[in-house]
Amino acid sequence: MCNNIDVIISNMAAPVSGMGEAPAERLPINSTSFQKKTRSKLVSIPGTRPSVQNGQLLVSTGVTSLDYLLGGGLAVGTVLLIEEDRYDSYSRMILKYFLAEGVVCRHELFVATAQDNPDDILQELPAPILDDVAVPKAVEQPRLTGEPQDSLDAMKIAWRYQHLPKVQSALASSSRFGHYYDVSKTMEAEIRQAAKCHRFCLPDHVTPSSTAHRLESYSALLKSLQEVIHREGFDLAAPMSKSRNILRVGLHSLGSALWGDDLCCHDKPRHRHALTTFLYGLRALLRSSLSVAVVTLPSHLIQDRALMGSITRLCDNAIALESFKGSERETNPLYKDYHGLLYVRQVPHLNCLASQLPDHKDLAFKLKRKQFSIEPYKYLGAFGCEEARRRSKRKQL
Amino acid sequence: MLSELLQGIETGGLLIIQDSCSYSGRDLLRSFIAAALNREEEVHVLCFDVSEDELTDGLKPPATQRLHVHNAYPDPLGWTDHPAFAVQQFRLEDLTDLVKQASQPKPATLVIDSLSWVLRHAAPPAVCRTLQQLRKGGAVRAVVALLHADMHQRGTVGSVCHLASSLVAVAPGPKGNEAVAKITKRSKSGKVAQDEETFCITEDLTVAVLSRPSSLPEAKPNGSEEEQADPTANLTFNLRLSESELEAKQKLTLPFVFSKEKKTALLHPGPGSGRILYEPDANDDYDQEDPDDDLDV
């Protein structure tokens, strides 16, 4: 705790964040309270900001490290494809972060599932950690009864710095654009019900008939989405009269067998064009409206790699998650700090010639209680940190 | 974990036993049937692979009153005029009618032997949809199915197992009648538990779990803290503190230790981040309108 004193002193103008318990990590803070005066004619929508690279309007995905990887955030009008991990635990978590961020920023939501009810996903949204300066926490006296390590909340020597947050080692943008969520708690019902949410549950919309040759599920979904966009005024063609808002679209597990196509079932599927046509139509719909979509896909079931390649090309941003659960990597000591690996498959170049790829190609993620952190995976060699240092020192001699 | 699964599957659960030609999972399936019957549950069995006698061999009479076998073995594709059950009837409406006809109020457990037969003759997406609807609907409490993994493409097996809430993959064990089961259990909240056990099945269809292999991954975050090297070990001088020394160290008052009230006052200064404490001194009495302020009167 006391080894970050220099950094903390330089950030003394930060707002104090009071939290109920002693977390292991704290929030990153603004370096200054300086606000730039903008003279742009852009309509300012809450929860968005213009990109510093190409001026696109960005929204946060809910995961700050992911925002950093995607170049600051998700551009409005684009699609993020998440290739699911084997048991769909972490991809579902990122979808929930995305929807929770929409609730906190007061955007509207559209959730479509084939397997579960959309309400199941909505009820599992993580609770946001809200800064509350007006709630000071009483300082605890450090315990004298033989406890070797003081709790983080009661520093004996550097007690002036108790309430200041620690420096983050994970990737993060410098400004406070996204929010943080506590995974162990679910979002309270009042906050969740304040957000307007449109649901699409496949069994309600499509009555399965065995004689149907063409797939109706994707076209029904596209029609429903188009109708919502038009009715609620997210179209860019609509007159810019009242305040605009963003529609966040979350599509869970597209391409799985429950949507009716056999992409995941056969090596040479018959319905290869159903999902690709849908993604093409989805992207066209999003480009002409103020919406952003996150699509999860069980890519580990799709055997045709060429099809997977064309699906990736049809989405703007694409990441793939590989969790260590169940694989032989789980017991590998090199990976003991992380829950899985993350691959950035594609980053878009919108209105520019070249895209901003992340610096590090080897990324690993870890789901902590208050943060989903994505870090460059530090490969320490076969012997670990100490041995490597000793060996390099010997070489220097 | 195998014994927990035998004691009961949660409502709305789908258990898939995945086997191959090197070890048949049918005995394990029959022990699941026996366990469900012993728990006083209604069990409906769709029998495709083997004959009814072979499947119910070893099940005792008082329990078999609650067992309803829909025998599709003689005529699975409905070539005769009156099949008992045909593959085409593997649909939500027909299965719900079948289960409700037994006219018991409690929801039943549906056992399918085997799902591979159905997957050969019906489209996998339709089978997946039927299984999902069976889980959500009220007529059937839980579904247990046997799947021969080497009979289908990897994508088909993967899609069906993706739906499962529990998956037991059996393989031949080290000794003759033993087998190894790899169990994966997924909960609604996304947590996944995995286990690997060796078991064997006795004559009266009870499962004896023999041993747990030692290669269990323990990915607990607390464990990593203990594995860090202890810097106070292997030194020529003593860096550790005894209990009395620790107490004395904590009792020591540090030079800039303030009282609790002063600490809280300094930590929570109020709306302004800095307070300027100013006591006006004599020079501040200067009054602009009275130029004779410097006269000492």
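Reply: Let's begin with confidence, since this is a predicted model. Chain A has a mean pLDDT of 77, and 72% of its residues reach 70 or more. Among the elements of chain A, strand β4 (residues 79-83) has the highest mean pLDDT, 96, while helix α1 (residues 5-10) has the lowest, 42. Two stretches of chain A call for care. Over residues 132-152 of chain A the pLDDT is below 50, although the model gives this stretch 31 contacts beyond near neighbours in sequence. Residues 168-175 of chain A also stay under 50, with 26 contacts beyond four places in sequence. Where pLDDT is low, the predicted coordinates should not be read in detail.

Now to the helix pair. Two packed helices are described by the angle between their axes and the distance between the axes. In chain A, helix α7 (residues 217-232) packs with helix α8 (residues 272-287) at an angle of about 10°, and their axes are 10 Å apart. Angles under 35 degrees count as roughly parallel, so α7(A) and α8(A) are roughly parallel to each other. From α7(A), the contact is made by Tyr218(A), Leu221(A), Leu222(A), Leu225(A), Gln226(A) and Ile229(A). Facing them in the contact, α8(A) contributes Ala274(A), Leu275(A), Phe278(A), Gly281(A), Leu282(A) and Leu285(A).

Conventions: Residues are numbered from 1 along each chain as its sequence is written. Chains are lettered from A and ligands numbered from 1 in the order in which they are written. This is a predicted model: local features need pLDDT of at least 70, side-chain atom pairs count only at pLDDT 80 or more; totals for chains, interfaces and linings use all residues. Side-chain values use heavy atoms; hydrogens and water are left out. Axes are lines fitted to C-alpha atoms, for helices over the stretch in contact, and angles run from 0 to 180 degrees between N-to-C directions. Helices (H or I, at least four residues) and strands (E, at least two) are DSSP runs, numbered from the N terminus. Angles under 35 degrees count as roughly parallel, over 145 as roughly antiparallel, 65 to 115 as roughly perpendicular and the rest as oblique. Contact means heavy atoms within 4.5 Å. pLDDT is the predictor's confidence in each residue, from 0 to 100.
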